[in-house]
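These are my notebook entries on a structure that I examined feature by feature. I set down what I looked up and what I found.

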Amino acid sequence: MKMRAVGLVVLLVLSILFADRALGQPGSSHVLEGRLVMQWGDPQPGDDGLHHSAGFNVELATEDGVRFKLDPDSALDASEDLYALFNAPVAVELDETEILSSSIRPLQVRSIEPLAGPYDLQAARDITGQQKWAFIACKFKGNNDEPRPVSYFEESYSNDSGMLGHYWQEVSYSKMNINGSSVTGWYSLPQTRSYYVNGSADLNALFRDCTAAASDVDFNEVIGIEMAFNDELDGAAWGGGLCETVNGTYGCWRAAWYPPWGFENLAVRAHEMGHGFGLPHANNSDEDDDPYDNPWDVMSDAWFNATSNSNYGILPKHISIYSRDRLGWVDSSRQLDISTDGSWSTLLRFAEHDAGPGTVQIRIYPADHPVDHYYVLESREQTGIYDGMLGTRRGLNGTAVIVHEVVEGRYEPAWSMDARVPPADRSDNRESMFKVGDSFDITPDTRLTVTSQTSEGFWVSIAVGNDDGIFADRFE
């Protein structure tokens, strides 16, 4: 993260002092305690429809204002489920502690463990009940443009069909709402854009100054803060978390940072708010470095296979059943877990429908896989304002059963699977949609067959294991 020279020197001094106090001598194993902060940067697709690489920051934030930038690869490897520790108090064991004179080098992580105490990790992960956000519009010093009136953002929080209030209630099966969220602005920031954006955006400084300008907001009353800016940031919209002292009180919030193209498309806002709820990206199974090629989850491809609105741009499609489950929205009575050999037949209800009786998620745990490597099945229907048709725009590419491979220890845990070999670049192809009559060998001895369709979902049969241990034919 780029900073002005004075700010960099101050942060270096603080970091070195703190390191000397807490870490001891370089070359040994050292432990730091603080809050684990994560932020995802999502670029706007180019004219060719392709994205640039996503950004991902991992930091350890301490209450005395010191932030240690952690190496994302080693942080991911150091925890069984890094994303479950979003904004949580943790102890981080470091493999190296050197702080360079010119910049803060991301520190290699040996282990990350939650701190024992009153903080409830599961309760923090389950996003239920009223979740109030504050939306703050800020303009850079010397730039008086106000791209949208405050009333535009106020309407976006409403429970009207197509707006974010309605969207989050629908995808959460009415387990969560953003009622009471507030909008305020436009406030003038104390610095020009070049102060906050020098190559990469200084998210901490943007958060600090934008919240300070909104002196009429009671930040103790909100769980999340969306910030709109009247000019481009660093080519990305950002979502995740941040810990900072606001109005004299230290706290951690869910957060999102938007350039104009971000807040003018509700799909972008839903994607970044999803990161604010701790959701990572989804992906497909082509194994490239593009996390935006799964059109079945707004946490992957927010831009395409989506409906739109003349005032609010691209609308968000639903999140996948895996993402819903991470946030505590799928009751155990609606899940079928399979972990032994045998045969099962069940109606897999459309995930878009309101919560009710019946299976909405199937999880398959193969005996030869680690416990954190499993498969999730859901039925998706091309229906409604988010996943159906709106005017000339189509949401989902069809109505089908979707299979997700989940590996908790990778950057995008859930990948939509594809029967094509090799998999397509984007999973909007026929081979990623399993319809009546299709069979698919999820693993060599685990077969899915879609037997029929009703108005409520698909009847599916799942066979695990057989006499010779191998299913001979594959989906065609």
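Entry 1. I began with charges placed over rings. In this predicted model, the charged end of Arg-410 sits over the ring of Trp-415, at 3.6 Å from the ring's centre. I then found Arg-148 over the face of Tyr-152, at 4.4 Å from the ring centre.

Entry 2. I next looked up pairs of aromatic rings. How many aromatic pairs does a search of the whole structure find? The search returns 25. I took up the pair of Tyr-152 and Tyr-312: their ring centres are 4.3 Å apart and their planes meet at 15°, so I recorded this pair as stacked. Planes under 30 degrees apart count as stacked.

Entry 3. I asked where the two partners lie. Tyr-152 belongs to helix H4 (residues 150–156), while Tyr-312 is in the loop between strand E16 (308–309) and strand E17 (313–314). The pair therefore ties together parts that are 160 residues apart in sequence.

Entry 4. Are Tyr-152 and Tyr-312 buried or exposed? Buried means under 20% relative accessible area. Tyr-152 has 6% relative accessibility, so Tyr-152 counts as buried. Tyr-312 has 2% and therefore counts as buried.

Entry 5. I turned to Phe-434 and Phe-440. Their ring centres lie 4.7 Å apart with the planes at 15°, so this pair is stacked. I noted that Phe-434 and Phe-440 are both buried.

Entry 6. I moved on to Gln-39, which is found in strand E1 (residues 30–43). Its relative accessibility is 2%, so Gln-39 counts as buried. What does the side chain of Gln-39 reach? I found that it reaches the backbone oxygen of Gly-241, at 3.1 Å. Leaving aside residues up to four places away in sequence, I listed what Gln-39 touches: Gly-55, Phe-56, Asn-57, Leu-203, Trp-238, Gly-239, Gly-240, Gly-241, Leu-242 and Trp-257.

Entry 7. I recorded the buried ones as Leu-203, Asn-204, Ala-205, Leu-206, Phe-207, Asp-209, Cys-210 and Thr-211.

Notes. Residues numbered from 1 in each chain as written. Predicted model: local features only at pLDDT ≥ 70, side-chain atom pairs only at ≥ 80, totals over all residues. Heavy atoms only, no water. Buried < 20%, exposed > 50% of the residue type's maximum accessible area, 1.4 Å probe, protein only. Helix = DSSP H or I, 4+ residues; strand = E, 2+ residues; numbered from the N terminus. Phe/Tyr/Trp six-rings, centres within 6.5 Å; stacked < 30°, edge-to-face > 60°. Lys NZ or Arg CZ within 6 Å of the ring centre and 35° of its normal. Polar contact = N/O pair within 3.5 Å; in protein donor to acceptor, adjacent residues only side chain to side chain. Contact = heavy atoms within 4.5 Å.
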